[in-house]
Amino acid sequence: MALIRQRKLTKQQLRRIDKQQAQQQESIDGSLMDGVVMAHYGKQLEVQVTSLPAIIPNPPVVAEGEPEPFWQAIELGDIWRCHVRTNLPMLATGDKVRWVADPNTGFGRIESVQPRTSLVSRPDRYHKLKPVAANVDILAIVFAPLPAAAPNLIDRYLVVCHHADVKPLLVLNKADLLAIEDYAFTKNLLNEYQSLGYEAVLTAAPCPENILLNPTQSNSKQAIDSAKLTDIEPLQQQAELGLTDLQQQIKDKLVIFAGQSGVGKSTLVNALLPNSDQSVNVISTNSKLGQHTTTTSRLLPFNPEDLTQGGIVDTPGIREYGIWHLTPDDIIAGFVELYPLAGDCQFRDCKHTHNSKGCALWEAVAEGKVMQRRVESLVTLQAEADTPTY
Ligand SMILES: Nc1nc2c(ncn2[C@@H]2O[C@H](COP(=O)(O)OP(=O)(O)OP(=O)(O)O)[C@@H](O)[C@H]2O)c(=O)[nH]1
Ligand SMILES: [Mg+2]
Ligand SMILES: [Zn+2]
């Protein structure tokens, strides 16, 4: 039996306790404000103030001659380092939170997290699922004629989008290179995905290599001479419109850019952010803070003063996206045109490989209804997810 002496509290004492608790709650409620998680440093997060608390604390009155104590005023748009209440789930960049700021220390504490519209997470190298970014609206899947596009990687990102509830947007960058005939394959790839119903844009990012923007440079001249000249003008217009098109598509949205190294993600991001060297600035801010420079992802807003105008989540995490945490069913669900057919396979546990007996997917390939490479891509991804790597 527990040896706790139960003391009977008088009605008056109970009332007093209730009142104290209510006062405490009220003071937290009065200090609560809205914020958005801008970056993640292990246990600490950076949160931007998006609404002020109902009760704004006043700085202490300092007597003359006394040293002025530390005081961090709470202002809209400021970014605070925050701890997280222990009972909360793992938070991610993009999370909308309710939090309190302590002007005496300059630190905040996150009290709760608002429901998410989407969550991109990925398994870390120990296969533990980690949230990468929350409330992302669009995953821009960037590919290019050079380095040559890997269709299997595009399919992988489409599966990721499906699983995370994020809308995919295919971005064929370096459209200027399409002036070179050898790269017709890449354009064709874009058409294929469009025919599956995915939104797509064609862009040429402003940079010295862009042969449409710098047609007189020697390397551009060479490329243009080898291309059919008649093709260049419409392409030029299309690519120029493309960047505006991309801008329109991601306006007021939170976007992640994913894709192979060298396809031009950073170049595009810099062109899309008003303060083009923002990503460089962020690094210097980090080093000023001294420690915790490793960040999983960071939100770069289109308008730093108004996060509702969206922005870009810069995340290294999405680059090599493992799919071990997905089931074969999760994966096929990300193949829009194949998913409805899977139930028609002769065997319920059909692996959809080329020689699978009675495979509805391969029948559809034979009838020219679906693309063979998509079925092969599905099989590769399902096999990868099925392989225990530890
Ligand atoms: N011709 C041409 N070159 C481009 C275009 N966009 C980017 N580039 C060039 O391609 C190279 C790679 O661009 P990045 O923006 O660094 O590529 P990234 O996708 O960020 O690469 P990682 O950071 O390694 O993942 C740079 O030299 C860019 O100048 C484009 O539209 N046309
Ligand atoms: Mg980059
Ligand atoms: Zn099958």
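Select strand β11 (residues 254-258) and strand β13 (residues 311-314): the two run parallel and are joined by 3 bridges. Strands here are DSSP runs of E with at least two residues, helices are runs of H or I with at least four, and both are numbered from the N terminus. Two strands pair if DSSP finds at least two bridges between them. Find Ile256, which stands opposite Val313 in β13. Pro301 has Gly311 in β13 as its bridge partner.

A word on what you are viewing: this is a predicted model, where local features need pLDDT of at least 70 and side-chain atom pairs count only at pLDDT 80 or more, while totals for chains, interfaces and linings use all residues. Residues are numbered from 1 along each chain as its sequence is written, chains are lettered from A and ligands numbered from 1 in the order in which they are written, and side-chain values use heavy atoms, with hydrogens and water left out.

**Next stop: a hairpin**

Select residues 119-123, strand β6, and residues 129-134, strand β7. They pair in the antiparallel sense over 5 bridges. Pro123 has Leu129 in β7 as its bridge partner. β6 and β7 form a hairpin, with 5 residues between them. Click His127 in the turn: its phi is positive, about 65°.

**Next stop: aromatic rings**

How many aromatic pairs does a search of the whole structure find? It finds 2. Rings of Phe, Tyr and Trp (its six-membered ring) pair if their centres lie within 6.5 Å; planes under 30 degrees apart count as stacked, over 60 as edge-to-face and the rest as tilted. Show the side chains of Trp80 and Trp99. Their ring centres are 6.1 Å apart and their planes are at 65°, so this pair is edge-to-face. The pair links distant parts of the chain: Trp80 is in strand β3 (residues 79-84) and Trp99 in strand β4 (residues 96-102), 19 residues apart.

Buried means under 20% relative accessible area, exposed over 50%, and partly exposed in between (1.4 Å probe, protein chains only).

Move to Arg81. Its charged end sits over the ring of Tyr41, 4.2 Å from the ring centre. The test for this is NZ of Lys or CZ of Arg within 6 Å of the ring centre and within 35 degrees of the ring normal.

**Next stop: the zinc ion**

Select ligand 3. Which atoms coordinate this zinc ion? They are SG of Cys345, SG of Cys350, ND1 of His352 and SG of Cys359, at 2.1 to 2.4 Å. Donors are N, O and S atoms within 2.8 Å of the metal (3.2 Å for Na, K and Ca); water is not among the atoms, so sites may look incomplete. The angles among the 4 donor atoms are 103 to 112°, and the site is tetrahedral. Four donors count as tetrahedral if all angles lie between 85 and 135 degrees. The ideal tetrahedral angle is 109.5 degrees.

Read the donors along the sequence: their spacing is C-x4-C-x1-H-x6-C. Cys345 and Cys359 both lie in the loop between α8 (328-333) and α9 (360-366), so the pair ties together parts that are 14 residues apart in sequence. Both Cys345 and Cys359 are buried. Cys350 lies in the loop between α8 and α9 and is buried, at 12% relative accessible area. An unreviewed UniProt entry annotates Cys345, Cys350, His352 and Cys359 as "binding site"; UniProt positions follow the numbering used here, feature names are shortened, and annotations may be inferred rather than shown by experiment.

**Last stop: backbone details**

Go to Leu146 and Pro147. A cis peptide bond joins them, with omega about -5°. Pro147 is in the loop between β8 (138-143) and α2 (151-164).

Select Asp165, in the loop between α2 and β9 (167-172). Asp165 is not a glycine, yet its phi is positive, near 65°. Asp165 is exposed, at 59% relative accessible area.

Finish at Lys174, in the loop between β9 and α3 (184-195). Lys174 also has a positive phi, about 60°. Lys174 is partly exposed, at 23%.

Notes:
Four donors count as tetrahedral if all angles lie between 85 and 135 degrees; four count as square planar and six as octahedral if opposite donors are over 155 degrees apart and all others between 65 and 115; anything else is irregular.
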